[in-house]
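Subject: Structure handover, aromatic rings

Dear colleague,

I am passing on the structure below for your files. My notes on its aromatic rings follow.

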Amino acid sequence: MDLNKKYTNRLIDETSPYLLQHAHNPVDWYPWSEEAFERAKAEDKPVLVSIGYSACHWCHVMEHESFEDEAVAAIQNEHFVNIKVDMEERPDVDQIYMSFVQVTTGRGGWPMNVFLTPEKLPFFGGTYFPPHPRYGMPSWQQILLSIAEAWNERRAELLHSANEIIGELRRMSAPSVIGGSLAPIDDAISDLAFESFARTFDARNGGFGGAPKFPPSMSLEFLLRYWKRTANENALEMVAKTAEKMACGGIYDQLGGGFHRYSVDAVWLVPHFEKMLYDNAQLIRIYLHLYQIYADRNPEKAGLFKRIAVETLEYVLREMTDAKGGFYSSQDADSEGEEGKFFVWTPEEVVEILGKEAAAEFCKYYDITSEGNFEGKNILNIKEPSYTASSIQLRQNIQNEKQKLFEHRESRVKPFRDEKVLTAWNGLMLAAFAEAAAIFDDQRFLQAAVKNADFLLGELVHDGRVLRSWKDGKAKLYGYIEDYANLADGLLELYQISGDTVYLRSARDLTDRMISDFWDEENGGCFFTSHDHEELIVRSKDLYDNATPSGNSVAADVMLRLAKFYGEEKYERFASTILRLSAEQIRRFPNGFGRSLSTAEFMFADVQELALIGRRGNDLERELWKDYRPFKVVAVSEEGVSEPPLMRGRELMNGEPTAYVCEGFVCKRPVTTVEEFRELLK
């Protein structure tokens with residue numbers, strides 16, 4: 001039966017690809033809306049809220065098994081008002097009900113299915129449920145019927161449970177001061193965090209802990225900053241080992257560039273194949289920084305780090321960039337109904353494309369065997385990193401063979417791409433492209449960053465207010481703290497490379513808006529939603545750095561840098577409050593606060609304020625970006641300007657490009673030669 005022609009529900013008017021995927025289910029889905037809850041009140045029905053995202057493999061499985069089934073749909077439509085939510089568009093809704101599921105079941109994930117009262121109070125929830133009882137789990141139909149029965153027969157019990165849990169959710173969602181005062185924060189917190197990472201570090205395979213392994217981008221950046229400040233070589237070695245192992249594993253797309261979401265094993269071999277914009281944005285910057293660090297230490301290893309960064313940037317330009325300059329959200333794990341099908345190979349396929357002799361070389365290098373390493377087929381991975389390949393000729397051969405297989409793979413059916421543009425995730429990738437442009441002196445990357453920034457400011461910022469999501473020419477949904485913070489962060493990075501004060505002023509305006517619209521005057525820190533956002537059952541304050549950094553940790557990072565650009569202590573006070581609010585949690589669970597720890601490192605370090613004047617692309621600029629220098633702010637201009645204050649009164653010396661190196665707005669004498677500049681930067 002072709003369900004696509006038989007049914008159409010209210011999701012057909014949405015722009016989210018995830019919601020549109022369910023628009024032809026026989027389930028009578030609503031988007032998240034007051035209309036749905038008003039109907040639930042009028043008909044005295046509970047509400048089912050089903051939350052997922054388009055690249056979620058098990059979301060697709062549950063849709064096919066249950067939501068496309070007419071018998072299941074009939075039960076849902078009779079007993080419930082049904083709401084579908086794209087968690088990437090509505091992380092505010094997702095956070096609340098994910099906390100409920102985690103508290104009540106001990107685990108979370110997507111798809112997430114939560115049953116609510118018409119007043120939006122949750123009383124039962126879980127994740128994936130099968131169509132038939134298995135693995136000790138009840139079937140989805142059993143869940144639906146038992147909830148319907150409980151609603152009709154034992155409602156008082158359900159309501160009592162819902163009212164009890166709401167207090168706990170409110171307590172969890174908005175951390176406040178303990179005993180009326182904020183915990184102090186000093187560099188001892190970084191030492192504790194380093195020791196925690198060192199204890200859980202996998203010295204053989206890189207990363208922390210065992211399977212499954214997620215790319216720990218924010219923790220790695222903290223360790224790089226910790227190394228830079230303390231000269232602790234163990235911190236650097238943990239980062240380099242992890243980055244090298246990931247680069248050689250199946251978690252990295254060896255043909256097309258870019259990283260998959262995570263590895264199901266401890267050796268980075270078998271990934272969950274979806275690719276997320278936010279992972280790649282953060283990992284690009286790790287590889288950029290390692291390239292800077294190893295360029296002189298170990299040029300061959302630096303070459304590996306550079307290749308991974310460049311290939312991933314080129315993947316984003318090729319596959320994930322809209323014509324207007326926005327970056328798309330994700331690519332699915334599945335194609336043609338099979339997870340990973342697009343990415344795996346057999347030896348026979350390789351022989352057919354390369355010929356027997358070249359195929360033997362390629363298969364040996366990329367660990368392709370007749371037995372396979374994934375369901376009888378092969379995920380490409382490298383047992384021996386390319387910089388230790390035995391000859392230059394072998395490297396060239398491998399590169400040529402890779403290109404041939406890549407071109408053949410382009411003829412395969414590609415995984416679905418979620419083409420919505422999310423402001424927060426775009427801010428992360430904007431920062432990556434801007435920094436890559438400076439480090440590699442590459443105009444392509446600078447042009448991509450400028451185009452993205454102009455797109456975001458033009459399409460997703462209206463009268464100073466940030467919107468969350470854009471697709472098909474339509475921007476919608478009020479932005480969350482992470483949207484403001486990540487966009488401001490990306491704009492600051494771009495200003496430091498381009499010198500265009502529009503980006504600096506925009507970053508400052510966004511930060512001022514974060515303070516006016518999101519700040520908690522009573523306890524400090526930024527709420528996840530603005531003061532005039534839709535009222536939900538909980539107004540959360542997110543401090544935890546999960547797959548993406550928390551809006552609070554990025555906001556603090558941006559504020560500390562603005563304090564240096566403008567000499568305004570208020571920004572530093574706000575940032576310090578955020579970090580102190582997180583301090584106790586950081587001490588208990590440092591691997592959940594990688595971005596906060598990186599921000600704290602900036603606060604602990606001696607930060608250099610740099611003003612560079614002169615023609616763009618000069619030798620002083622190139623020298624600045626040669627090394628990893630995380631503890632700096634950079635103002636650049638072709639001639640003296642009045643904004644930011646860091647630039648006031650700066651002049652060219654003898655008509656030559658000139659660098660001013662300052663700390664606390666106290667400057668050393670200006671210099672015009674690379675040698676003098678390098679000495680001052682030490």
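Please keep in mind that this is a predicted model.

A search of the whole structure finds 37 aromatic pairs. In one of them, the ring centres of Phe197 and Phe208 are 5.2 Å apart and the planes meet at 55°, so the pair counts as tilted. Phe197 belongs to helix α9 (residues 188-200), while Phe208 is in the loop between α9 and α10 (217-230), so the pair ties together parts that are 11 residues apart in sequence. Phe208 is also counted as buried, because its relative accessibility of 18% falls under the 20% cut-off.

A second pair is formed by Phe362 and Tyr366. Their ring centres lie 4.8 Å apart with the planes at 45°, so this pair is tilted as well. Phe362 is buried at 0% relative accessibility, and Tyr366 is buried with a relative accessible area of 2%.

Some rings are joined in a group. Trp29, Phe67, Phe80, Phe115, Phe124, Phe129 and Trp140 are linked by ring pairs into a cluster. Trp29 has a charge to go with it: the charged end of Lys84 sits over the ring of Trp29, 5.3 Å from the ring centre.

Arg10 lies over the face of Tyr30, with 3.9 Å to the centre of the ring.

Regards

Note on methods. Residues numbered from 1 in each chain as written. Predicted model: local features only at pLDDT ≥ 70, side-chain atom pairs only at ≥ 80, totals over all residues. Heavy atoms only, no water. Phe/Tyr/Trp six-rings, centres within 6.5 Å; stacked < 30°, edge-to-face > 60°. Helix = DSSP H or I, 4+ residues; strand = E, 2+ residues; numbered from the N terminus. Buried < 20%, exposed > 50% of the residue type's maximum accessible area, 1.4 Å probe, protein only. Lys NZ or Arg CZ within 6 Å of the ring centre and 35° of its normal.
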